[in-house]
Amino acid sequence: MNSKLRYAIFPICLMLPTTSVFAAMEDDPVLYMLKADKFEARDSDEGTVTAWEGHLWVGKDLNKLWIKSEGEHQSGDTESAEFQLLYSRAIDANWDLQVGLRHDAKPDPERNWAVIGFNGISPFWFEIDTALFVEEDGQESLRFEAEYEFMLTQKWVLSPEVEVNWFSEDDDELGIGSGLADIEAGLRLRYEINREFAPYVGIHYERLLGDTEDIANEEGEETNDTQLVVGLRFWF
Amino acid sequence: MFYKKCRNTTNSSSQDALSIQSATDISRRRFVQGVAAGGALMASGLGYSSTARSSYQQPDILSGKHFSLAFDYKKVNFTGEDRIATAINGSVPAPVLRWKQDERVTLDVTNNMAVDSSIHWHGLILPSAMDGVPGISDNFNGIKPGESFRYEFDVKQSGTYWYHSHSGFQEQTGAYGAIIIDPVEPFHISYEREHVIVLSDWSDEDPDDIYAKLKKMSHYYNTRERTTGDLWDEIQENGLSQTWNDRGMWNDMRMSDRDISDVTGYTYTFLMNGNTPADNWTGMFKKGERLRLRIINASAMTLFDLRIPGLKMTVVAADGQNIEPITVDEFRIGVAETYDVLVTPDDDMAYSIFAQAIDRSGYAIGRLTSDPSLHAEVPQMDYAPILTHGDMGMGGMDHSKMDHSNMSSDMMAMMMGGGIEHAETEYGAHIDMLAENPQYRLNDPGVGLRNNGRTVLTYADLRNLVPTHDPREPEREIELHLNGNMRRYMWSINGIKFADAEPLMMKFGERLRITLVNDTMMNHPMHLHGVWSDLETGDDKFIPRKHTVIVQPGSKISYRVTADALGSWAYHCHLQFHMPGMFRRVVIA
């Protein structure tokens, strides 16, 4: 994991209270959780892609600081790398409101966004992560991610997921056209060795849509790809 | 299968009804069964050491008026791994303390550990300053490392009680033991022999880690989650539309009907007198003797369902207080409750004392035998229970199966009363469920025990042996709602956690009714310190007195309290990891 994150974790660990001595113990200690939802290798047409998606949170029951990150790395180059720093506040039994900043270190040129989003579990147990991003020069983007978990057994879990991105304007430098720009879908089968540690295999599909697809076609780039993935899901 | 092989190496040929969970691996099995002779106990003081199977251990019995108790760290090994326990006098469980009613006892408690400690005498009526709850009991802030505290009080009552640390999560790590108080007047039924049976749950994990895991992933320890196969079976059986309707509430609330225990046999090894199932604690008898078993649930988080196949149990006391004897096959014992039962084995044989965890993720077991060489058959565990809409406070319990004949008419009226009001503080991100129509469920043995073909004790069966201590009608009623958010693992009363709550005030001498409404899907054993909880079980003339009352999921229950003990008292759910939030200070002034 990113070494900056480690620097963030350690001082917070020192702040964690030791077991309280009073009868009414600390009901709401400061905790942290680092989770890699995806840490995987994808077998793409152009060689192996390494991809990650995960988060770190630090905080208490209802108020937390979140860092989210996702990105892809291929043959020595980091193709995309996104970081979000969010204040997360529980607003409902099942939903957190998350506001903060997003920084896209890759691709070039970098982009910076303001973020407002919702993270939680919808009726029928869909894990939802959705946000509106507003960029410095007025570009707006919406992202919607949903994941479901089929418990095949207590250890084998099949999880389909989908992500779509929408942009308000063209971004010529990054080859993005306005409107729905891309969709990603995945199906992963994991085996929970324990709760914290689960290797998985699966399929990852992505395709560009609309104007973004047209731009890619003009530049002779691929507009969709289906990849086999092998990875590890872990948290602590 | 590993599962069956491992089981057969213990002492049973019976197959577990729960081998649905056949993926169980060896190391996990070792958790549940424990390793033989693994306890932390000192040598037996009861003269059983000459038996053929001597792997089980027995806590010492200390009797008299003056006691010296010391907290120390102690290396224990219940699972094959060494761990550090918080032991009292080097023993887990702590020694049995045997007192005499109407005597004055003095207990010097020394803390040799690096953190604060304390002892609470659970169920004892005594001055607040002697109650041992740091920061709550009058002038008591715990016993600092290296320091001692002298407890001194008159023993007013008799019966079976227990004691435990009220600091941190030390109960989870071994600081608990039995108290027996012999009555001035002989017990009204004669018996030849008695055994103390302390049930508990041991984890090799640090309790702070367990608590943190529950906050990060509340279903962490649930290895009986609903699977796609379960859904498929349900569709096959009930059809798609019925299944859609049945699942609707759960899917809408984002809660699981398989959520029975927060912490399970996945990490717990269940102990009987500090013995793992593999140790097989043994209590002796001679054929035809009447035995009194003093059963105490000293667990941190586990409710047990206890039975002794082949023997009827006559329950003679609940929470130390004598009740009108009632004969049953089985009873549920909530965390911190005690029951005294009489059994009369007529044969020279071995009987299993079988205490299965409420979620059936494991069990504590021992045996009663006339001959140490005999093996007791180990019963099958029941199927893991599944919560119903009634357990979620939606009403809908099957009243036709209940016996209303012994209920007072006002109770009937309340039971049929319907809806309930919730305070503003019960709405928000810290609450995931509010019971719409909580019912009195005194006749309900509880989830997992309904219609199981055995005679199961219910609270409606409890009738005090002597007339109601304080026959006054309550002057007022306090309604308290037990709240939580399962996923966020937050617990509160009336939606307000202890840290933010004002004390609950009672007027000295007043008689009041407390009605507890459970707005969660978990059982909460609620313990009121200092004064009795006179449980309204139907007959106002013979109200049983309890110190700990299970409030079933989605239900309500009422008890009367005579506020006859001045001072500051604790009032809380006795589940160790609910307690930090689901807690109130009670001030009687």
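Predicted model: local features only at pLDDT ≥ 70, side-chain atom pairs only at ≥ 80, totals over all residues.
Me: Let us turn to chain B. How many helices and strands are there?
Reply: Chain B has 6 helices and 32 strands. Of its 589 residues, 53% are buried. Among the contacts in chain B with a separation of 6 or more, 77% are between residues 24 or more positions apart.

Me: What is the order of the strands in the open sheet of 5 strands?
Reply: The order in this sheet of chain B is S24-S32-S31-S26-S29, and the pairing is mixed.

Me: Why is one side of S24 and of S29 left without a neighbour?
Reply: Strand S24 (504-506) and strand S29 (548-551) of chain B stand at the edges of the sheet, and each has a single partner strand, so one side of each has no neighbour there. From one strand to the next, the twist averages 20°.

Me: How many bridges join S31 to S32 in chain B?
Reply: Strand S31 (residues 567-573) and strand S32 (residues 583-588) of chain B are joined by 6 bridges and run antiparallel. As one example, Trp569(B) has Val586(B) as its bridge partner in S32(B). In general, strands of a sheet pair through backbone hydrogen bonds.

Me: New topic: the peptide bonds. Is the one from Asp108(A) to Pro109(A) cis or trans?
Reply: That bond from Asp108(A) to Pro109(A) is cis, with omega near -10°. Pro109(A) lies in the loop between strand S5 (95-106) and strand S6 (111-122) of chain A. In chain B, the bond from Val92(B) to Pro93(B) is also cis, with omega near 0°. Pro93(B) is in the loop between strand S3 (83-88) and strand S4 (94-100) of chain B.

Me: What about phi of Phe124(A)?
Reply: Phi of Phe124(A) is near 70°, a positive value in a residue other than glycine. Most residues other than glycine have a negative phi. Phe124(A) sits in the loop between S6 and strand S7 (126-135) of chain A.

Me: Is Phe124(A) buried or exposed, then?
Reply: Phe124(A) is exposed, because 12 other C-beta atoms lie within 10 Å, and a residue counts as exposed at 12 or fewer.

Me: And where is Asn273(B)?
Reply: Asn273(B) is in the loop between strand S11 (268-272) and strand S12 (281-284) of chain B. Phi of Asn273(B) is positive as well, near 50°. Asn273(B) is buried, because it has 27 other C-beta atoms within 10 Å.

Me: Last topic: which residues touch the most other members of the largest nonpolar core?
Reply: Those are Ile179(B) and Ala355(B), in a core of 147 residues. Strand S19 (residues 350-357) of chain B gives the largest share of this core, 6 residues.

Me: What does Ile179(B) touch?
Reply: Not counting residues up to four places away in sequence, Ile179(B) touches Leu97(B), Trp99(B), Trp121(B), Tyr161(B), Trp162(B) and Tyr163(B). There is also a second, separate core of 6 residues, including Trp66(A), Trp113(A), Ala131(A) and Phe133(A).

Notes:
Residues numbered from 1 in each chain as written. Chains lettered and ligands numbered in written order. Helix = DSSP H or I, 4+ residues; strand = E, 2+ residues; numbered from the N terminus. Buried ≥ 20, exposed ≤ 12 C-beta atoms within 10 Å, placed from the backbone. Contact = placed C-beta atoms within 7 Å. Pairing = 2+ DSSP bridges. Axes fitted to C-alpha atoms, helices over the stretch in contact; angles between N-to-C directions. Core = buried A, V, L, I, M, F, W, Y, C linked by C-beta atoms within 7 Å.
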